Amino acid sequence: MDSITFLSRQIITLYQQHLKQIGLNAAIHFEFEGGFSAPLRQSDMQHHGLNYAKVNAALKKHGIAGELKPEFWRNQWEYVSLFNGQTPLEEAEYLAKTLTLLPHLFAEQGIAKVYYQPVLWSADSVRMAAGTKDIFAPQKQAVHIPNAVQINISVWDKHNNNLVAETELGEYLQHCLLSTSLNNCLLYLPEEDAFKRLNLKSDFDLESELSSPNDISGGHQGSVALYRQLGKHNQVLGEKALLADCNGNVLLSEFAWQKTARIEHRLGASSHLYNPFLNMVYALANVVNAIKPFINHLGQFDKRIKPEYEAFTPVLLPTSLNDSGEKKGAISLFASDVWLVESIHQLVSQVEHNKAHLQLGEKLKSAVLAQYQKNIII
């Protein structure tokens, strides 16, 4: 086990203990996109050249609460978490284990390579017709496919109430994530191609094909989105069919959006350097910081509290890991920021009485920066 994962696991455990002490539970789930090479043989293949049912059966056999599904582009897949009440630590373990298993599971179907890359360069050739979102152009042209990582966050009390839906915590948690995403982007954009991915739309005229924002923005359609009644495409969320006809057409529905209300952090990029445990630490640090203003003098979460904070102005992410002139890169931004270290230090001071653990934040930060030591000018 590498040092980042080792330290992150300890910190996640402490965050879970802290939340339990105040009667809360953080539900945090990953979505991770990737790609694969064309199959070596055509037998036993289904949608997009891969038998997804066979892969998912294997993931289930390994005790993983997650599954693969085909994404929009040819030979692109997405791992989605299943909502089985797993802890944040278990969720990070599921994704980490899946990323280890997939090359072997794909190889069983004759697929030689699995890609965990921010961009699959020239991976497809089917383009959308200009000005459309669902009509393909007859001519073929190389398409660079982006692969994202998304973190979905909600917070629940001991009575099984989703506090993102029922209180101002949703807005404040979104504000916290917006405020910390810039200086900590190294955690979820861990390699150079991750920054190239952000500008694919403008650099390669992929406006019709790609919709994700490339800045740090809020609302319910931004890169850090708060979803209650409406989703990214203004669809009503939480629909549950109550009555259907003999053809399966839904005749009557209810919309229990309170159960699905969440924050979606949609800025991450798939990469072989992406560490689920490290990014779970980042998510939990934001959750705990967001909860603080709601804790009353009795140490309990008070739904009536409405924290005051300034509106967030969208900002652009760096264009590189490294500095460019006066513009700081992701490494420098993370190296000079103290928020994550201080958040972990406060956590350890509250939960853990072992003085040896007081340096967990500093150790984690040093381990992250050590990966880029050649890039750091001292």
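Helix α1 (residues 3-21) and helix α3 (residues 88-107) have axes that come within 9 Å and cross at roughly 145°, where an axis is a line fitted to C-alpha atoms over the stretch in contact and angles run from 0 to 180 degrees between N-to-C directions. This is a predicted model, in which local features need pLDDT of at least 70 and side-chain atom pairs count only at pLDDT 80 or more, while totals for chains, interfaces and linings use all residues. Residues are numbered from 1 along each chain as its sequence is written, and side-chain values use heavy atoms, with hydrogens and water left out.

**Helix contact**
- Arg9, Ile12, Thr13 and Gln16 in α1 meet Pro88, Leu89 and Glu93 in α3, contact being heavy atoms within 4.5 Å.

**Second largest pocket**
- The second largest pocket holds about 260 Å³ of space, a pocket being an open set of points on a 1 Å grid over the protein atoms alone, where a 1.4 Å probe fits, with protein on both sides within 12 Å along at least five of seven lines.
- Its lining, meaning residues with an atom within 4 Å of a point, numbers 16 residues, and Ala27, His29, Phe83, Ser154 and Trp156 are the closest to the pocket centre.
- At least two lining residues come from each of β1 (24-36), β7 (148-157) and α9 (257-260), helices being DSSP runs of H or I with at least four residues and strands runs of E with at least two.

How values were computed. Points joined across faces, edges and corners; volume = space filled by probe spheres on them.
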